[in-house]
Amino acid sequence: MMIQALGKEDFLRLLVTQLRHQDPLEPLDAQDFASQLAEFTALEQQIHTNELLEQEMEFRTSEMIQAQNSAAIGLIGQRIVTTGDQLELSATGPRDAFVTTSDAAAVHLELLDSAGNVALAMDTTVAAAGVHRIDLGAAAAGLAAGTYTLSVQVLGNGTGVQASPLSSGVVLGVRPGSAGPVLVVGNEEVQLSKVLEITH
């Protein structure tokens with residue numbers, strides 16, 4: 001059974017009840033009464049402070065949501081890089097992909113179409129750890145616009161090097177989500193907090 005904390009009304013009710021039922025021959029000591037009144041005042045001030053803090057938190061939360069929504073709306077039409085493995089190729093946009101590695105390495109990239117067929121395969125090298133833009137070059141010239149799945153593998157002597165694909169595409173719209181604005185990128189939905197880079 002959950003016990004609720006006493007509020008100021010409860011505290012005042014107890015104090016009045018105590019005064020009403022005190023022994024007239026042995027009334028409440030003035031010092032004890034003053035002490036209880038001081039406790040009541042302190043309780044009232046604490047409740048008021050808590051209410052002010054709650055209002056401040058609500059205001060800050062509202063400001064943060066407005067800032068996130070503004071940032072998300074500002075990304076419509078922009079190309080972003082985020083966690084995932086989906087690559088959106090447009091008819092006129094850049095033909096490149098993004099990967100992240102834990103160190104320099106030679107890597108093998110593959111683009112799979114919606115049927116799971118390999119539409120493009122190529123090897124390249126990255127010079128350091130971090131996020132890398134990889135130009136798909138002439139090999140991607142004949143690819144139809146659409147959504148592809150990107151995979152990356154470390155080649156040769158890259159033992160211990162970690163490599164992961166990254167999603168990239170143009171933000172087409174924004175919708176509200178339980179954890180903040182959600183960006184619509186092709187067939188994918190991406191949390192604003194997952195955006196790693198804004199590119200072109």
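Modeller: Being 4 residues apart in helix α2, Arg-60 and Glu-56 are separated by about one helical turn. This is a predicted model, and the helix in question runs over residues 30-74. Arg-60 and Glu-56 form a salt bridge in which the closest N and O atoms are 2.8 Å apart, and the contact between the two side chains is also listed as a polar one, at 2.8 Å. Arg-60 counts as partly exposed because its relative accessibility is 47%, and Glu-56, with a relative accessible area of 36%, is partly exposed as well.

The side chain of Asp-96 meets that of Arg-79 in a salt bridge of 2.7 Å, taken from N to O. That pair links distant parts of the chain, with Arg-79 in strand β1 and Asp-96 in strand β3 (residues 96-101), 17 residues apart. Both Arg-79 and Asp-96 are buried. Asp-96 also forms a salt bridge with Arg-133, again with an N to O distance of 2.7 Å, and here too distant parts of the chain are linked, since Arg-133 lies in strand β6 (residues 130-135), 37 residues from Asp-96. Asp-96 counts as buried because its relative accessibility is 5%, whereas Arg-133 is partly exposed, with a relative accessible area of 39%.

A salt bridge requires the nitrogen and the carboxyl oxygen to be within 4 Å. Leaving aside residues up to four places away in sequence, Glu-88 touches Gly-146, Thr-147, Ser-168, Gly-169, Val-185, Gly-186 and Asn-187.

Glu-88 also belongs to the lining of the largest cavity, together with residues including Ile-80, Thr-82, Gln-86, Ser-168, Gly-169, Val-185 and Glu-188. The structure holds 1 cavity of 30 Å³ or more, and the volume of the largest cavity is about 50 Å³. Strands β1 (79-83), β2, β8 (163-175) and β10 (188-191) each supply at least two residues of that lining, with the largest share, 3 residues, coming from β8.

Conventions: Residues are numbered from 1 along each chain as its sequence is written. This is a predicted model: local features need pLDDT of at least 70, side-chain atom pairs count only at pLDDT 80 or more; totals for chains, interfaces and linings use all residues. Side-chain values use heavy atoms; hydrogens and water are left out. Contact means heavy atoms within 4.5 Å. Buried means under 20% relative accessible area, exposed over 50%, partly exposed in between (1.4 Å probe, protein chains only). A polar contact is a pair of N or O atoms within 3.5 Å; within protein, one must be able to donate a hydrogen and the other to accept it, and residues adjacent in sequence count only if both atoms are side-chain atoms. On a 1 Å grid over the protein atoms alone, a cavity is a set of points where a 1.4 Å probe fits but cannot get out, and a pocket is an open set with protein on both sides within 12 Å along at least five of seven lines; lining residues have an atom within 4 Å of a point. Grid points are joined across faces, edges and corners, and a volume is the space filled by probe spheres set on the points.
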